[in-house]
Each structure stands twice: as C-alpha cells, then as structure tokens.
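Keep the structure open while you read.

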Amino acid sequence: MHNNHLLLTCCTKGKDVRRLPHLWEILRDIAFKYASYVQKLGTVLLELLSESLGLNPDHLIKMECADGLRFFMHYYPACPEPHLTLGTSKHSDSGFITILLQDSLGGLQVLRQNQWLDVPPVPGSFIVNMGDLLQLVSNDKLKSVEHRVVAKSSGPRISVAGSFSTSHATSSRLYGPIKELTSHNNPPRYKEVTLKDFIAHYNHKGLNGKPALDHFKFMAAYSDSERLAELRAFDATKAGVKGLADAGFTSVPRFFVHPVVEPTSGANLQVPVVDLGGVAADPARRAAAAAAAGRAAEELGLFHVVNHGVPQQVLDEMLEGVRGFHEEGVEVKGEYYTRDLSRKVVYNCNFDLYQTQAANWRDTLSCSMAPEPPRPEELPLACRDIAFKYASYVQKLGTVLLELLSESLGLNPDHLIKMECADGLRFFMHYYPACPEPHLTLGTSKHSDSGFITILLQDSLGGLQVLRQNQWLDVPPVPGSFIVNMGDLLQLISNDKFKSVEHRVLANSSGPRISVACSFSTNRATSTRLYGPLNELTSHNNPPRYKEVTMTDFLTHFNRKGLDGRSALDHYKFMAAYSDSERLAELRAFDATKAGVKGLVDAGFTSIPRFFVHPDLDLERTPGANFRVPVVDLGGVAADPVRRAAAAAEAGRAAEELGLFHVVNHGVPQQVLDEMLQRVSGFHEDGVEVKGEYYTRDQSRKVVYNSNFDLYQAPAANWRDTLFCLMAPEPPRPEELPLACRDVTFKYTSYMQKLGTILLELLSEALGLNPNHLIEMECANGVSVLMHYYPACPEPHLTLGTSKHSDSGFITILLQDSLGGLQVLHQNQWLDVPPVPGSLVVNVSDLLQLISNDKFKSVEHRVLAKSSGPRISVACFFSTYRGTATRLYGPLKELTSHNDPPRYKEVTMKDFLAHYNRKGLDGRSALDHFRFSNDC
C-alpha cells in the first residue's frame, strides 16, 4: 500500500498517559493535546450510541469501550501509478469506533451496496465510523463499515485515525453480543472474545479484504436440522420475503446470508440495442436487425430491443399488476403458494429454497402461458387480464426475435420456430422487497436461463448485472425497452455460437423492484423431442459439443440443481464422441504448428480446441477470495543472527503449515525482475520461424520450448506455452539460448542460485539441522528455469493455465507479473495468491516433503486461464543434478524415529523425475508412488 504511518498509543485508564522521550518534539505536544479532545469526544459519541441502542448512556463506557485510544497518523505520498495500487486496502476497523481527521485532499471511499463511493472531506468535521467490536457487541445492530483509501497522483494526503477500544492488557474480559440486544428470535451471532485475541486475529490476517468478524461468527450452532426447521417455518407462512419486510425485520434471517457476495465493478455494461422498427416491411432494416441481434448473441448473449410494438401502457399495467398481486394479503396470495413446479400457476419464495446454499431476497409468481394457458379463473385477479394481454404481445415479439436469430445463424427465418422454440411460454413475475442488509444476500444468484430466449421487462430501480470477463457489470434499465437474453438451450443448439449469459440481481435497500421475465421454450409435454447442436452449425472441424436432450429432462436437471452458480449446460457437454484417434490427430496437428497456444490466439480462435477442455473443472474459490500468504523477510539475515533466526522460523512455519511463502528483501534488483519478465514475453511473442528452432518434446535437452510437456498423456491440455532451460550445474552455451532472453537468463539465474542457497540454509535450520545440510545433499546443484506464457483465453471457464499439481524438486522460486491467477489448495479450498510487487513466491516441492518425512508440505497449486493477458511467470526449480542417478533420496535419519518411521522409499532424482514426467499434471501427487503402503 502506498502510505506510511506513525502509531501512538494513549491509555486513558489510570496514569499511563505520559510523554514519550522518543516522540518527535514537533509532534509530541500536539499529540497529547489532540488526544485530550478526542477522548472527550469519544466518550460523548459512545454515550449517544448507547442511548440509540436503548441502553443507559454509560453502558458502553462501563464496558471499557473508551479505555484504549490508539492514533494512526497516516501519510500518503503522491503516487506515480495510482491506478496500480491503493493507499489503504479494503477493510473495516478493529475497535469500537474510529474518529478520523483528514485533510482536504480526499481519497476515502466506503463500500455501499457493492459500490465504492467517495467520502469527500467536509472542512472542520470528523468522520466517525463504527468498528468491528461495536458491530459484534451490538449483534449486527450497528454496522462496521468497509472502506479504503485510493492512491493519488497528487499529495501528500494526511489523516489521523483515533481508534477506541478497551485496554489490550485487559485480556480476561470477554466481549460478545450484549444480552439486552439478543432474544429468542435474534440470538447471539458472534462468539465471545477477548480484545487481545480479537486484535491478534485482526493483525494476523492483515488487510486481506475479509472481515475479521467472520472468524467469530456464531455459526457452529446452526445445524442442518435447525436450518431445515427455519426454512419450513418460513415456508409455512406463505408470505415470502414480503412477509419479512412487512414484519419489520431489520436483519435478514441467516438462511438468506450468502457467504460471499462478489462485489460489482461499479461500471455499466454497454448493452447493444436492436431496433425492430420497420423489420416487417423493410428488408434492409430486417437484415440490419438480424445482424445486430446475432452479433450481440455471439459476443454478449444479451441486448436491448426497442420499437418492439408493445405499447407503454401495457408495460406499465403489467408491472402494476405484478405489484398488486405481491402486495395482496397472505389470505389471497396463499391460495397460489406451492412447491409443485409442474402446476401452471405457482407462487413461492425461491423455487430451490431447500437445496440452495443461501436463499435469495425475492418472491415469484410464475405462470405457464403457452401452449395451454391457464383458465382465467386460475390466475390471480390482480394481474389476470393484463397477463393475458401481455402474453399476446410477447408471443408475437418472441416469434420475430427467433426469426431474426435464425437468419443471423444462416438458417431460414422459421427454422427455430419449426423446432418449437416458441411453443412454450412461462412468465416469472418477480418481486424484490427492500432489504435491510443488502450486502449479505442477493435478489437472484448467479445463473443462466434454461430456455431458448428470455424477454425481460424491469422497472426503473435497477439491480440486474451480467458477468463479463470475470466482472459484474450493471445493466441499467432503459425506459420503454426490453432486455433479451439467450438461454441455455439456444447456446446448446447453436453449438456455442450464441452465448447464454450469466447474470444476477442485487438486493437493494430501497424497493420493491418489479420485473417480469418471459422464458420461451418448447412445450414441456413434448418429452420425446431431442434437442442437440444443429447439423447446419456443426462440421468436422466444429463437431457437436453437447449431447441431445429432451426439454423435460433439461428442465428437471435445471430445477434439481437450482441456482447454484454452475451452468446446467456442463452436464450435457459432449465429450464422449471424442475418440482417442480423433484426439490424437488433433494433438499432433496442434503440435506440428510449433506455434503453441500463442498461435491459436494469433489465428483469432474464439473458442478453445476441445482437447483443452477440462470436463470437471472446479473454479469455485473459498468464500473470501484472497488469503494471507506468510512473508519471509531476508533483510539482514547474512549479518544479524536474530534476523536470521526469525527468518528461519517463519520460513519453517510456512513450509509446515502451507508449503508456500512470499520472500522480500531478497537481493534481486527490481530492474532484473522486470527485464526477465519483459524478455520472456519477447521470446514467446517472436514468430514461429524463431521459436520453432527450440520446439521439441525431448525433455533431456537443455533448452526446450513447447506447449504442455505432457500434451499427449494429460487428460486435458493447459492454456500455456513454456520455454525450459537447464541452467545448472552445466548451463547451456550462450548461443544455445534464444537471443530474446539470453543475457538476462544467465544474470537472473546467478541471483536465483544465491537466493536458493540462502533459502535452503534457512529451511535446514528450521528442521533443526546444520545450515549447510540440504546444500551438502546437492539440493541446489540442479537449477531449471521455466518461462511460462499464458495468452488471453476466449473461454477461460473451460480450461486452466496450469492444472493442479505440486512441483517435483526441492523448492521453487516463482516470479510472476501483476496479472494474477495463481491459486493454492488449502483445506480443500482453492485460494488466490495475489502478486505482491517486488516479492517472489517460494514453494516447497515434492522431494523436500519426501526427505523431511512430511514435516514440510509440497503445496498443490494451479493457474487459472484468464480472458485478459498474457500472464508471464518464471519458475526456478532447485533439485539435484539429473545425471546424478546413483544418489538415493529418502527421509532424513535426523527427522525419523521409532514413533515417526520413514514414510517414503528411497529414490534417485532420475527415477523420480521419470515418474513425474510420465504421469504428467494429472492432479495426483507423484509422492503417492513412493509412499510406503502401510503409511496412513
């Protein structure tokens, strides 16, 4: 972060306030004078907040909430690249309240309804914000605000944050939700915790974007049976979310809480507009509309439609009719409440209430309007007449749109109509009440629609978002227009020519929001008709990607899985027809180009070849996204025994618990790091006539360029090209290395060898061995440099940059650019490892786990494919020399005992690497092959 700060602690209890001799003379007097004012102000504010909670004015004071006062005096210099960093990352404060004094420069932002909003300075005023502990003791009645400070090209910005808490030394006092603020219907949401433990956790996690409160949420008592009981009780009211709002709920029931609500980008999506004016009579306008609709369906999966022929009065009446129904009493609505989705008219809250991880803040009335509409008396009176009138307009509009989409696919206008794509029409009339805690839930979770197309009418409140290049973008309402989005079945039959767009609806503190989604599909009763990729859209080079499926089966699968964030299409991807011989032929053709993945991108591929598709790709991350990677500081380790011991302890702890850490103050100049990345990019972006000279599948060579060393044995290829260079103990001759990266590779390797030696010494010490133990075992004799290039991928959700694996050697030192994508598997969850400028990532590898007898962990990791790029990384692998075939490596005798016998067989480096390369990156650990069978 682009800031410095001075920290000053003033304890108000007893007589601990004293002058500090080392505090600068210029600051000393004003700091204590300012503190006396702030302490008085803090006391007044805590009294007022006590009263607002219905407590005695001195309640929070008696809880010692004002006993501790800590100043954070921040200095934010002008930043040369403010778009690349932050002054302070997203966080909430740890204490009870914070009183903030800021200068006139500005830069403070708060996160409100998933958007970052500026908090401009007001001369002469303070900012007061609630901290985590106040949210905890108030049982979520008061909110600890998430905020950040943006870096700026002008500066400096100065601020002083006065944080109130109890005394850190008061370690025995427990803080939990105040009893007066809890009840049977509002039980405690947090465990009790001492301030000392809370601050320890807060400081340990750092400003990693995750609330410290999550660690103390009192969720353990929320058993499956309790959840089911609460769901049934809610369902039995038949009042839906509207009933909760009417009852005056000020917090959302816990089964509505989403562990993570991914933040919006804050940007609006530029939605294409298709103008239907004159398409019936003017061939030129029709052709233009078809082209625009097809282009939008291919690139985005969504568009606005204007001049659609539906009168504004009908649109307004439809929205009012939906509102009228949902705002009826339960005695009226309850008649239609059901969980039987086969009925023509269904009213409920969350069709997937009992299978979804978290419910959505939305009630829905759905009606099947075609091909066999309900009898008038079956529809609620509030929206009966307008529903039939609206359906007649929408059916005509849907027919026109499907004709235009047929034409854009090069088919006859009536092709999709003849396939019965417009035979079925179902209305989903949604009602999203105002939500008291919109940051904790969603109106509708991430999903794509099940049918062919959906025509959406929405009011002016907004909240619809689409997922575009891994960012959530707003789709603001356009008065008088419809949103048209492609559904799953249209993507299926178009063989991925058209895209079924993933979207969601935010919960909102204002409301209600009203929308009507009209989903076109075939008649559900037509259970025998099979839908698969159209013959006209497939070929030898573009074979069918999906299995055939009936509408009944598709909808059954869609409804059974619910809105779980995964595409229903994945279940039907057509991988079985891809024979071994076809796959081998395609791999050989790709390999023969010698252009790698970069060649596919340069050729303009808009979809990935099928041998890159990972069938069961799990892209789910842990709730909370990034996590704290340990940092080992090498500053002064050569000369200062205390620093060296601290670095060894930290490296050992990280190697045991995670198998990975950042290293800083490592001695490699930034200029060398930057030049290395730049030169790697230069090689990979050379022409095939240059790169092709190094392209080979002979892994015994010192210099190897290819795409996927395990291309022919891996279940699915990765979206990555690699230049491999064996740099020690017998480096290649300079002329053997590509000119683009020749000089810097030798320079970079020399730094890596020095750094690798230091790290292996520290890890030796962490194991209780002599510093040179691992060095004498030749663990640093072999150095290989792998220079990876991950181009932008047109379909990153279908493949990976690098599959799950652990590295083969002793340690790996990784240099990566700023794009990110590295993830580690920790406690069965994939966690992001964001790049830290100037640092290197060090991870423990298989052979170090083997010789440490599982004391150190070889971390499993992967790299995501991304729609942006290229991503550049340089992995430096340390191992013994490959040619040393006779030396056996097994668990060190110093680390084994009668109670902890050897867990692995001895193996030569040569044999270990042969097994590793033969199995490839198949997701299994190479260590399993050498583990004693009786080891558990």
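Arg545 and Asp496 pair up in a salt bridge, with their closest N and O atoms 3.2 Å apart. Keep in mind that this is a predicted model. The bridge links distant parts of the chain, as the two residues are 49 residues apart.

**Salt bridges**

- Arg545 sits in the loop between strand S24 (530–531) and strand S25 (549–550), while Asp496 is in the loop between helix H12 (488–493) and strand S22 (503–506).
- Asp496 counts as buried, at 7% relative accessibility.
- Across the whole structure, a search turns up 39 salt bridges.
- Another one joins Arg375 to Glu377, where the closest N and O atoms are 2.9 Å apart.
- Lys598 and Asp602 also meet through their side chains, at 2.9 Å from N to O.
- Both Lys598 and Asp602 belong to helix H15 (residues 596–602), and they're four residues apart, about one turn of the helix.
- Lys598 counts as buried at 12% relative accessibility, whereas Asp602 counts as exposed at 55%.
- There's a network too: Asp140, Lys143, Arg189 and Glu437 are joined by salt bridges that share partners.

**Aromatic pairs**

- The structure has 22 aromatic pairs.
- One of them is Tyr34 with Phe126, a tilted pair at 6.5 Å centre to centre and 50 degrees between the planes.
- Tyr34 is in helix H1 (residues 25–52) and Phe126 is in the loop between strand S6 (115–118) and strand S7 (127–130), so this pair ties together parts that are 92 residues apart in sequence.
- Tyr34 is buried, with a relative accessible area of 18%, but Phe126 is partly exposed at 34%.
- Tyr695 and Tyr705 make an edge-to-face pair, with 5.3 Å between centres and 85 degrees between the planes.
- Those two are 10 residues apart: Tyr695 is in the loop between helix H18 (688–691) and strand S29 (703–706), and Tyr705 is in strand S29.
- Tyr695 counts as buried at 10% relative accessibility, and Tyr705 counts as buried at 0%.
- If you'd like a cluster to look at, Phe234, Phe255, Phe256 and Trp361 form one.

**Charges over rings**

- Lys40 has its charged end over the ring of Tyr37, 5.9 Å from the ring centre.
- Lys754 places its charged end over the ring of Tyr751, 5.7 Å from the centre.

Terms used:
Residues are numbered from 1 along each chain as its sequence is written. This is a predicted model: local features need pLDDT of at least 70, side-chain atom pairs count only at pLDDT 80 or more; totals for chains, interfaces and linings use all residues. Side-chain values use heavy atoms; hydrogens and water are left out. Rings of Phe, Tyr and Trp (its six-membered ring) pair if their centres lie within 6.5 Å; planes under 30 degrees apart count as stacked, over 60 as edge-to-face and the rest as tilted. Buried means under 20% relative accessible area, exposed over 50%, partly exposed in between (1.4 Å probe, protein chains only). A charge sits over a ring if NZ of Lys or CZ of Arg is within 6 Å of the ring centre and within 35 degrees of the ring normal. A salt bridge is a side-chain nitrogen of Lys or Arg within 4 Å of a carboxyl oxygen of Asp or Glu.
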